[in-house]
Amino acid sequence: MEQLVQSTLAAPEGDLSFFALFWQAHLVVQLVMVGLMFASVWCWAIIVDKMLLYARIRRQMNRFETVFWSGQSLEDLYGTLQNRKNSSMAALFVAAMREWKRSHEGARPAVASLQQRIDRVMDVTIQREAERLESRLLVLASVGSAAPFIGLFGTVWGIMTAFQAIANAESTNLAVVAPGIAEALFATALGLLAAIPAVIAYNKFAGDVGKAVARMEGFADEFSAILSRQIDQGL
Amino acid sequence: MRVGLFASLAGHSAVLVWGLIAFPDATTFAPTTVDPLPVELVPISELTRLQRGEETAEEIRDVAALQPSEAPEQDAPEPAEQPAERQVEQPTPPAPTPVPEPEPVAEPEPAPAPEPEPVAAPEPAAEPAAQPEPEPIITQARPRSKPTPPRRTADATPDNFNPNQISALLNKVEPTGGRTAPSDQPASLGARDGQDSVQMTQSELDALRGQVAQCWSPPVGAVGAEDLRVRVRVNLAQSGEVAGSPEVLNTNSNPAFRAAASSAVRAVMRCAPYSLPIAKYDSWQEVIINFDPREMLGG
């Protein structure tokens with residue numbers, strides 16, 4: 001009886017503020033929490049970055065397509081774009097035009113397999129662009145899948161220590177059990193906090209990348225058809 | 001990338017700051033200490049099955065229980081004035097006053113106890129109160145009025161709350177309440193419709209079951225007949241006849257259930273009247289019978 005009263009008195013007072021939850025936790029749990037915090041920061045950095053990038057790419061594509069189909073001479077377009085730092089469709093166009101130009105330089109134009117070369121150049125460019133779009137998306141994927149487990153690990157560890165506290169207190173009074181479990185669950189909460197946006201953003205961005213690449217491939221095919229016609233007419 | 005990183009850092013720190021503001025040691029709950037209560041498991045029948053009493057029985061009261069309640073009545077009126085004053089006087093002032101008084105007390109006493117002399121000199125006031133012995137001696141001397149009353153006044157003065165009196169009340173009630181178990185005590189006042197501390201025995205229940213089962217044709221052919229359990233509540237008259245119509249208590253999705261239920265009801269009706277001990281009518285006035293084909297079908 002006396003023991004019980006003492007143990008309940010000795011039970012830590014539940015303080016549920018963020019810092020209290022953090023500082024009361026075991027070292028391992030603290031490490032887990034810090035790691036998850038970093039993961040969350042990094043994920044959101046990537047998310048913001050990718051959102052801006054994809055919006056920019058979409059805008060560039062739209063602008064380029066309107067210019068491209070406006071009937072402007074391809075030579076002029078190439079002239080203006082040539083010296084810029086291009087991306088997506090413009091890069092595709094410049095790469096194809098450069099190959100075209102090079103093949104027509106000199107006394108003997110190398111037209112025989114020009115079509116294949118242009119296709120290959122455009123393929124490589126698409127790949128390079130897709131790579132740029134997809135970079136760091138895997139971080140989101142792995143954080144999304146691993147963060148809950150990491151948080152769970154922290155929780156399990158915290159509950160282990162909580163159980164040890166219970167064993168020391170020799171009482172299963174909820175007041176003895178609750179604070180330890182609460183701070184342990186905080187780790188899972190952080191894991192989910194990091195994982196949920198990461199998963200959602202990864203799925204959305206994967207879709208965006210797929211759409212952008214498909215759009216570039218469509219443009220490449222069309223442009224390839226135009227060039228092929230030019231080549232055949234030139235023969 | 002740098003933009004994203006800064007935005008992310010800013011967002012996280014904003015959330016943290018918000019968290020600190022919104023939950024500033026928000027719910028500091030102090031665990032309330034709950035003292036463990038000893039729990040004793042008591043079968044409910046001990047409380048609900050009251051022994052039937054006899055109206056002619058004498059009311060039995062515990063003599064010991066009455067004493068505390070009556071004792072104060074005799075003494076209270078007399079010492080009411082004096083003891084209250086005495087009580088107050090004793091502890092504080094009188095080093096000098098009691099000293100002369102107990103001396104006569106001490107003188108006749110020395111034979112039984114040599115102690116009183118030294119003790120009486122420093123603080124005699126407490127001792128005479130505590131010991132019953134001085135009483136006969138005191139009757140001769142004047143101060144005698146002091147030692148006798150203070151003992152009883154302690155009990156008598158606080159009329160409002162006296163634990164002894166409460167226990168006396170409780171004790172008075174007890175014998176009229178009756179208990180289930182012991183019958184070696186004389187019959188006492190009891191609950192009007194209490195039972196004779198009897199219950200249907202297992203063999204009597206079996207007998208009832210056997211009577212019903214004779215008339216029951218279980219639904220042998222039905223699909224899933226083994227699951228067709230039927231619970232029937234039967235009201236029985238004192239003669240053993242079925243009063244009213246038996247009521248089927250459960251339902252079942254099995255299409256054959258209706259037939260099974262009606263067969264069970266028919267069985268109950270057909271076998272009436274039942275021969276059951278009339279003395280225990282209270283316990284079989286309303287009977288719930290389980291018709292379980294599994295038992296009948298040799299399950």
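1. Two strands are said to pair if DSSP finds at least two bridges between them; helices (H or I, at least four residues) and strands (E, at least two) are DSSP runs, numbered from the N terminus. The model is predicted, so local features need pLDDT of at least 70 and side-chain atom pairs count only at pLDDT 80 or more, whereas totals for chains, interfaces and linings use all residues. Residues are numbered from 1 along each chain as its sequence is written, while chains are lettered from A and ligands numbered from 1 in the order in which they are written.

2. In chain B, β1 (residues 230-236) and β3 (residues 286-291) run antiparallel and are joined by 6 bridges. Within this pair, Val287(B) of β3(B) lies opposite Val234(B).

3. Strand β1(B) also runs antiparallel to β2 (residues 242-248) of chain B, with 4 bridges between them. Val232(B) has Val248(B) as its bridge partner in β2(B), and Asn235(B) has Ala243(B). The hairpin of β1(B) and β2(B) has 5 residues between the strands, and Gly240(B) takes a positive phi near 95° there.

4. Together these strands form an open sheet of 3 strands in chain B, in the order β2-β1-β3 and with antiparallel pairing. Because β2 and β3 of chain B stand at the edges with a single partner strand each, one side of each has no neighbour in the sheet. From one strand to the next the twist averages 20°.

5. Helix α12 (residues 257-271) of chain B packs on the sheet and touches β1, β2 and β3 of chain B. The direction of α12(B) makes about 30° with that of β1(B); axes are lines fitted to C-alpha atoms, for helices over the stretch in contact, and angles run from 0 to 180 degrees between N-to-C directions.

6. In a regular strand, side chains alternate between the two faces of the sheet. The covered face of β1(B) carries Val230(B), Val232(B), Val234(B) and Leu236(B), and the uncovered face carries Arg231(B), Arg233(B) and Asn235(B).

Notes
A residue is buried if 20 or more other C-beta atoms lie within 10 Å of its own, exposed if 12 or fewer, and partly exposed in between; C-beta atoms are placed from the backbone. Two residues are in contact if their C-beta atoms, placed from the backbone, lie within 7 Å.
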